[in-house]
Amino acid sequence: VLYTIGVLIETLVEGRLTSEFGRRRMERTIETLHDHIVVCGWGQVGQAISTTLLDEGADVVVIDRREELTDFHYLNICGDATDDGILSSAGVERAQALVVALDSAADNVYVTLSARALNPNIFIVARATSSEAEPKLFRAGADRVVNPHQLGGAHMAALVTQPNVAEFLDIAMRDREIALTITEVTVPAGCSLLDKPLRDAALGGVTILAMRERSGRFVHHPDLSMSPGAGYVLIALASTEEQAALRRLASSCV
């Protein structure tokens, strides 16, 4: 009986110690992260977002109240995302982006406000559960607001009216194995693309679909005589190799 009790106690203690060591190790890993992405909410939307970001090679930290989150191989913080201390534990001050995908519209607004105060430069994408919540999220500091129901409905309608176009765009955005995909590249100050006509930029087989100016205005199918300025964003259709060449071109200094 004593032996059996001893084995049970040992198993219990070892399990707790293993869990505690794993948690400490994860916290230390999160503390070393910079320019990562924090996702608030582990519902269906949050899971889809996290999976896609990880497939893209991003460092992701998930915040959620549910204990079962620890069973997944994600860097995670178990707690309330509306708590500033929890946001700081996830490294919001050092993160490049925050995705707010909680079920409550009020919580999404609150987290957006808190994150903007903690990190004025962070890029925030927030989930809107209704059309009334969208302007509030923008006022709270969100850079982009997405209504999944509205977006899903529009996509389903497009699959009915223009099924081939919608399917091609899905493949181009999500399938990493196809020959051509859509990507974006920011033109930094001092790069070789700056103030040079697109026709002279040695773009190879890259097709420039649009160019976004610093003001936020999109120029669709820009003329090859146009020249991108610093901070402009090029949206291009290109192969994997052409994408890499375009990024090298954008990062090269004059």
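**Strands, salt bridges and exposed sites in a predicted model**

At 27% relative accessibility, D80 counts as partly exposed, where buried means under 20% relative accessible area, exposed over 50%, and partly exposed in between (1.4 Å probe, protein chains only). The structure is a predicted model, in which local features need pLDDT of at least 70 and side-chain atom pairs count only at pLDDT 80 or more, while totals for chains, interfaces and linings use all residues. Residues are numbered from 1 along each chain as its sequence is written, and side-chain values use heavy atoms, with hydrogens and water left out.

D80 takes part in a salt bridge with R65, with the closest N and O atoms 3.2 Å apart; a salt bridge is defined as a side-chain nitrogen of Lys or Arg within 4 Å of a carboxyl oxygen of Asp or Glu. Because D80 lies in the loop between strand 3 and helix 3 (84–89) and R65 in the loop between strand 2 and strand 3, the pair ties together parts that are 15 residues apart in sequence. Helices (H or I, at least four residues) and strands (E, at least two) are DSSP runs, numbered from the N terminus. R65 is exposed, at 52% relative accessibility. In the whole structure, 5 salt bridges are found. Another of them joins the side chains of D64 and R66, at 2.9 Å from N to O. Here D64 is buried, with a relative accessible area of 8%, whereas R66 is partly exposed at 34%.

D64 also belongs to strand 2, in which both faces are covered: V60, V62 and D64 on one side and V61 and I63 on the other are all buried. Since 5 of the 5 residues of strand 2 (residues 60–64) are buried, this strand is largely enclosed by the rest of the structure. Strand 2 runs parallel to strand 1 (residues 37–40), to which 4 bridges join it; two strands pair if DSSP finds at least two bridges between them. In this pairing, I63 of strand 2 is opposite C40. A further 4 bridges connect strand 2 with strand 3 (residues 75–78), again in parallel, and D64 has C78 of strand 3 as its bridge partner. Strand 1, helix 2 (residues 44–55) and strand 2 together make a right-handed β-α-β unit. A crossover is right-handed if, with the strands pointing away from the viewer, the path from the first strand over the helix to the second runs clockwise.

D103 is exposed at 63% relative accessibility, while R127 is buried at 15%. N108, found in helix 4 (residues 105–118), is buried with a relative accessible area of 0%. A polar atom of the N108 side chain lies 3.0 Å from the backbone oxygen of R127.

Backbone angles were also examined. Most residues other than glycine have a negative phi. D35, in the loop between helix 1 and strand 1, has a positive phi near 55° and is exposed, at 53% relative accessible area. H221, in the loop between strand 9 (218–220) and strand 10 (233–238), likewise has a positive phi, of about 45°, and is exposed at 64%.

Notes:
A polar contact is a pair of N or O atoms within 3.5 Å; within protein, one must be able to donate a hydrogen and the other to accept it, and residues adjacent in sequence count only if both atoms are side-chain atoms.
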